[in-house]
Amino acid sequence: MHKGLTEASYSARMIRVIDHVYAHLEDDISFDRLAEVACLSPYHWSRIYSAMRGETIVATIRRLRLQRAADRLANSQVDIATVADRAGYGSTNTFGRAFRNAFGTTPAAYRENGQHAAFRNANAAGDATGFPVSIVDLPERRCASIDHRGSYMEIDRAMARLFAELVARGALPAQQEMIGVFFDDPELGPEEELRSRACMPIADSVARDAPLTETVLRGGPYARLSYTGPYAAMPGAYRWLLGAWLPGSGHEPDDQPVFEAYLNDPRMVPQSELRTDIHLPLKRRVP
């Protein structure tokens with residue numbers, strides 16, 4: 001029991017660090033302040049963080065800032081100098097080098113020709129065949145989950161909490177499937193009110209008591225869009241799937257939320273190699 005409580009305590013401290021980073025992503029982040037947030041020695045907290053999270057705190061901050069920058073480049077008209085400044089870079093040249101290292105291209109080239117642009121152009125042209133969509137029949141799956149409210153780009157905050165909670169309970173499955181369920185249209189309401197849920201299928205014997213909840217992914221047919229690339233292009237992927245592919249597919253969407261299955265880890269692979277399967281629930285066709 002003591003071991004479990006210790007693991008839960010350390011996990012909670014690392015979650016507080018991540019929450020603080022998100023809340024101050026566009027500010028100067030003091031490592032001494034992060035040690036205070038973690039309630040750990042300044043000499044040791046960052047090494048504990050690296051060991052538990054699989055990346056250094058410097059890498060986390062850089063990754064999240066560049067991810068937010070990519071979102072602004074893809075989905076807004078904010079000028080590149082402002083994007084660079086809000087990402088914590090003193091010059092566009094420094095920002096450009098960091099962005100190229102993470103995304104394999106310059107900020108300007110990404111804005112003009114990134115995956116979001118490919119989806120936008122295909123949608124505008126009514127091209128329903130430009131991206132790989134398959135119809136799959138999935139079984140019902142029962143998941144442990146944690147709710148998230150706010151930007152869909154920040155659902156990994158809930159993912160981190162879910163992972164830490166399952167580790168502390170000794171309930172993390174050998175094969176982890178990280179899934180995001182999304183309930184609202186991000187173009188209809190304020191970003192801070194968007195509802196989503198981080199989910200992981202686990203054994204039925206594991207309790208789903210607070211802070212966990214249970215989410216059931218309904219069984220049946222789905223349209224699966226297999227996407228490779230940065231998360232920032234997801235809004236364009238959804239517009240294409242719903243605006244170009246669906247109308248000509250002969251299918252009708254079911255009254256259930258979409259979900260995304262994350263097939264690799266943004267801490268481990270470049271942004272250009274992230275793989276995500278987007279699942280749109282479909283009504284079963286009547287013979």
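The structure is a predicted model, in which local features need pLDDT of at least 70, side-chain atom pairs count only at pLDDT 80 or more, and totals for chains, interfaces and linings use all residues. Residues are numbered from 1 along each chain as its sequence is written, and side-chain values use heavy atoms, with hydrogens and water left out.

On the helix 4 side, L66, A69, A70 and L73 take part, and they meet F95, A98, F99, A102 and F103 of helix 6; contact here means heavy atoms within 4.5 Å. Sorted by class, this contact holds nine nonpolar, no polar and no charged residues (Ala, Val, Leu, Ile, Met, Phe, Trp, Tyr, Cys and Pro count as nonpolar, Asp, Glu, Lys and Arg as charged, and the others, Gly among them, as polar).

On a 1 Å grid over the protein atoms alone, a cavity is a set of points where a 1.4 Å probe fits but cannot get out, while a pocket is an open set with protein on both sides within 12 Å along at least five of seven lines; lining residues have an atom within 4 Å of a point. Grid points are joined across faces, edges and corners, and a volume is the space filled by probe spheres set on the points.

The second largest pocket holds about 230 Å³ of space. Its lining has 15 residues, with R62, R63, A102, P266 and V269 nearest the centre. Helix 4 (57–75) and helix 6 (92–103) are the elements that give two or more residues to this lining, which divides into nine nonpolar, two polar and four charged residues.

There is one cavity of 30 Å³ or more. The largest cavity has a volume of about 30 Å³ and is lined by L25, E26, R65, R68, A69, R72, R86 and A87. Helix 4 gives the most to this lining, with four residues. Five of the lining residues are charged, three are nonpolar and none is polar.

Finally, E165 lies in helix 9 (residues 156–168). Leaving aside residues up to four places away in sequence, E165 touches P211 and L212.
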